[in-house]
Amino acid sequence: PAGGPGAMAQAGRLLTKEPAPQTVPVSDLPMKVCEVALKTGPDSSSSLATAVFHTAKYLPAEWHQRNSVLYHKAFTGCEQAEQDRAEAKELAEHAAAAAQRAQQDSTAALGQRLQDIHFWKAELQKEIEDLDAETGLLAAQKLRLERALDATEMPYAIATDNLQCRERRQPPDLVSDEVERELLKEVELIRNIQELLKRTLMQAGNQMRLNRHHKEVCEMDWSDKVETYNIDDNCGRCSNQSTSIQFHPSSVKFEESASTPETWAKFSHDNIYRAEREKLASVNLRALIDNILHDISEDLRMQCAAVNEAFAKHCEELYDTKHKLEHHLKKILKEIGDQEANIAALKQAIKDKEAPLKVVQTRLYDRSFRPNVELCRDEAQFRLISEAEELTESIESLKKKLLESEQCLRNLEDTRMNLEKEIAVKMNSIFIDRQKCMARRTHYPVLKLAGYQ
């Protein structure tokens with residue numbers, strides 16, 4: 001305890017005055033009243049002079065008795081005074097020893113109390129430091145969440161831009177294919193991740209407020225403990241020789257609002273318990289944030305890979321389809337050239353039939369002028385008519401074939417146009433998917449979602 005053995009020795013000293021001697025108050029004895037009977041006999045005149053002296057004086061026996069009483073009172077007074085001085089001395093020594101013991105016990109109790117206060121003060125200080133450090137770590141995690149939330153804006157912009165770019169595909173390539181489905185899944189995933197990050201940010205903010213609140217509670221308790229420690233320390237150092245001591249009669253009572261040692265210890269224990277509970281919740285939240293950041297980064301990375309794979313597969317299909325269309329276009333172009341040559345040959349064949357037809361028709365016309373019986377249906381006439389019919393039929397067949405060939409050429413031209421248009425559509429789709437979408441996706445910032453960048 002504060003003050004040490006010297007203070008205890010000083011506290012044992014009794015500074016009092018010597019007791020005043022006891023005295024018996026002096027009082028006058030009551031007047032002795034003597035009643036003398038008056039003589040009325042014949043000899044009364046001779047006794048008048050002596051009667052006055054007898055009534056005014058004590059008897060010798062009374063005088064001796066009074067002196068004896070005074071002697072006895074003086075003796076008993078001395079004895080009583082001596083006994084009283086002995087008792088007073090013994091009482092003073094006992095009171096001094098009791099006061100010293102009581103002061104030593106009080107000083108020891110104050111010392112023990114200082115140890116208890118120091119223990120809880122140290123526990124509170126440790127809890128305050130731990131809560132402050134934990135709040136700092138949680139603030140760093142909150143910053144990672146904010147950066148991760150900001151980092152999701154770029155993937156979301158890339159995914160929505162890919163969807164908008166693919167809306168510019170021309171029919172029939174404007175289809176809801178696997179790439180579009182994966183992009184829609186990616187957009188939905190990013191939205192869900194953003195909502196999760198926002199909820200976690202709110203939870204982290206609330207936890208930080210709780211940490212600060214319980215830190216303030218512990219700080220107030222710690223501050224009270226420090227003030228109380230200083231007060232009790234000064235009380236422990238206080239001694240009989242201290243200059244600051246004075247009478248405070250009203251202080252010797254218990255305050256109605258005073259706590260008990262049990263409630264006093266329970267108060268700090270409950271504060272530390274609640275602070276520990278919030279610190280544990282903060283630690284668990286930090287671990288949860290680590291898992292969330294890792295999981296969303298992994299989910300986005302996997303979805304990004306799925307979209308890129310779908311893009312690559314679709315581009316490969318587009319290239320393959322384009323090559324096949326170009327191959328068929330090459331065949332169509334060759335077929336168109338052959339068909340044009342065929343049409344030219346048909347036209348030439350029809351034209352070549354004009355001269356033989358003219359010849360046979362001229363022959364028949366000229367033979368129609370044979371006179372009289374010479375207008376005979378001879379073998380030559382039948383053969384000329386047969387030749388004319390064959391030529392006419394051949395010409396009609398050639399014209400019909402020419403019409404069919406021309407229709408076929410028109411069909412080939414339409415097919416060529418369709419193929420060329422389809423190739424242009426495929427090239428446009430390839431340009432959108434590869435040059436626009438896939439080139440933009442090379443800047444996909446998946447790794448930034450870890451929150452450290």
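A: A helix here is a DSSP run of H or I with at least four residues, and helices are numbered from the N terminus. On that basis, Asn372 sits in the loop between helix 6 and helix 7. Keep in mind that this is a predicted model.

Q: Noted. Is Asn372 buried or exposed?
A: Asn372 counts as exposed, because its relative accessibility is 73% and the cut-off for exposed is over 50%.

Q: What is the phi of Asn372?
A: Positive, at about 50 degrees, although Asn372 is not a glycine. Most residues other than glycine have a negative phi.

Q: Back up a bit. How many helices and strands does the chain have?
A: Seven helices and zero strands. Along the sequence the pattern reads α-α-α-α-α-α-α.

Q: How much of the chain is buried?
A: Of its 453 residues, 29% count as buried. The accessible surface of the chain is about 31100 Å², and carbon and sulfur atoms hold 57% of that.

Q: What share of the contacts comes from residues 24 or more positions apart?
A: They make up 91% of the chain's contacts with a separation of 6 or more.

Q: Now confidence. What is the mean pLDDT of the chain?
A: The mean is 86, and 86% of the residues reach 70 or more.

Q: Where is confidence lowest, and where is it highest?
A: Lowest in helix 1, residues 4-11, with a mean of 40. Highest in helix 5, residues 178-237, at 95. Residues 1-30 have pLDDT below 50, and that stretch has 32 contacts in the model beyond near neighbours in sequence. Residues 32-38 are also below 50, with four such contacts.

Q: How should I read those parts?
A: Where pLDDT is low, the predicted coordinates should not be read in detail.

Q: Fine. Switch to helix 4. What does its span look like?
A: Helix 4 has 14 residues and reaches 20 Å from first C-alpha to last. That is close to the 20 Å expected at 1.5 Å a residue.

Q: Which residues of helix 4 are buried?
A: Pro155, Ile158, Ala159, Asn162, Leu163, Cys165 and Arg166. Down the axis of helix 4, the buried residues fall within an arc of 165 degrees, so they line one face of the helix.

Q: Why would residues three or four places apart point the same way?
A: Because an α-helix has 3.6 residues a turn.

Q: And what do the buried residues of helix 4 pack against?
A: Helix 3, helix 5, helix 6 and helix 7. Helix 7 covers residues 379-441.

Q: Other end now. Where does Arg169 lie?
A: In the loop between helix 4 and helix 5.

Q: Is Arg169 buried or exposed, and why?
A: Buried, because its relative accessibility is 4%.

Q: An arginine, then. What does its side chain reach?
A: A polar atom of the Arg169 side chain lies 3.1 Å from the backbone oxygen of Asp173. Contacts of Arg169 beyond four places in sequence include Glu180, Asn428, Ser429 and Ile432.

Q: Which residues does the cis peptide bond join?
A: Pro171 and Pro172, with omega at about 0 degrees. Pro172 is in the loop between helix 4 and helix 5. Most peptide bonds are trans.

Notes: Residues numbered from 1 in each chain as written. Predicted model: local features only at pLDDT ≥ 70, side-chain atom pairs only at ≥ 80, totals over all residues. Heavy atoms only, no water. Helix = DSSP H or I, 4+ residues; strand = E, 2+ residues; numbered from the N terminus. Buried < 20%, exposed > 50% of the residue type's maximum accessible area, 1.4 Å probe, protein only. Contact = heavy atoms within 4.5 Å. Areas by Shrake-Rupley, 256 points an atom, 1.4 Å probe, with all protein chains shown as cover. pLDDT = per-residue confidence, 0-100. Expected span 1.5 Å × (residues − 1). Arc of directions from axis to C-beta. Polar contact = N/O pair within 3.5 Å; in protein donor to acceptor, adjacent residues only side chain to side chain.
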